[in-house]
Amino acid sequence: MTERYGGDEFGLPHLGQVFHHSWRDEWPTEVEALARYVDGAAPYLVEAVLSDALRLADPAVPTWVFETLWSVGTERRLELRSAGIDPRDWLLRIIRLCRERLDREGIGHPQVVGRSPYEHLTGLVLDEIMIVTPGLLELAQDSSWMTVPGVVPALGHAAVHACPDLAFRFLLRALTYGPQLTRKQYERYVELGRRFEYGPFLVAGHEHLMA
């Protein structure tokens, strides 16, 4: 089996890691941080970000879904509206910069994306979202800074209307601080990762969440 995008995390969740706890010490603005990622990342990673962004830009996906998932990906270290950034404009900026980079590399890229090749896994992803929903809601009450309001409906909407693979990767990011997983849950995540053609490290990074 070929591991997608090098076997590690990719796409918008990977871009979100640029905005870590000290990112403002490295980049003067969020626009500069985004541009440096797009200019410096390997082309296949830029392509992955573009694919994710195009799926979330689909008219069937409300902007609030992207805004919520973006907050999940950055662990709330770049809240777009709080920073005075229109979420739709930010999504379109990501798409534009990725296209420009791939054009400079002479790499073809889609203007739109079709149906997800992983659409048959939507029900399994929705099941896993439902299972952790009580834990995510409880965590939000105890430590709201670690969680994002509306994350559960955003994940569900993304799974159905964007791509279950994208929703699953953001689910893993949402679980960064818990709730704890059972071994059976974790084993199901590993199997889902295999079916999504992930490398071993993308899911394995959450092994510590097992009770």
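Let's start with P110. Leaving out residues up to four places away in sequence, P110 touches L50, L54 and R99; contact here means heavy atoms within 4.5 Å. P110 sits in the loop between α6 and α7 (122-142). Helices are DSSP runs of H or I with at least four residues, strands are runs of E with at least two, and both are numbered from the N terminus. Buried or exposed, or in between? P110 is partly exposed, because its relative accessible area is 34%. The cut-offs: buried is under 20% relative accessible area, exposed is over 50%, partly exposed lies in between, with a 1.4 Å probe and protein chains only.

A word on the model. It is predicted, so local features need pLDDT of at least 70 and side-chain atom pairs count only at pLDDT 80 or more, while totals for chains, interfaces and linings use all residues. Residues are numbered from 1 along each chain as its sequence is written, and side-chain values use heavy atoms, with hydrogens and water left out.

Now the whole chain. The secondary structure comes to 11 helices and 0 strands. What about size? For 211 residues, a compact globule would have a radius of gyration near 17 Å; this chain has 16 Å, which agrees. That radius is taken over C-alpha atoms, and the globule rule is 2.2 Å times the number of residues to the power 0.38. Along the principal axes, the C-alpha atoms fill a box of roughly 45 × 40 × 30 Å. Of the 211 residues, 51% count as buried. Take the contacts with a separation of 6 or more: residues 24 or more positions apart account for 79% of them. The accessible surface is about 10000 Å², and 53% of that belongs to carbon and sulfur atoms. Those areas come from the Shrake-Rupley method with a 1.4 Å probe; for residues, only the protein chains shown count as cover.

Next, helix α5. This helix is mostly covered, with 9 of its 11 residues buried. Which elements cover them? The cover includes α1 (11-16), α4 (43-56), α6 (87-104), α8 and α9 (164-174). One of the buried residues is E67. E67 counts as buried because its relative accessibility is 16%. Beyond its neighbours within four places in sequence, E67 is in contact with R81 and P87.

E75 lies in the loop between α5 and α6. Its phi is near 50 degrees, a positive value in a residue other than glycine. R76 is in the loop between α5 and α6, and its phi is near 65 degrees, again positive and not glycine. R76 counts as partly exposed, because its relative accessibility is 30%.

Of its 14 lining residues, the closest to its centre are G114, R115, S116, H161 and A162. On a 1 Å grid over the protein atoms alone, a pocket is an open set of points where a 1.4 Å probe fits, with protein on both sides within 12 Å along at least five of seven lines; lining residues have an atom within 4 Å of a point. Which helix gives the largest share of the lining? Helix α8 (residues 151-161), with 3 residues.
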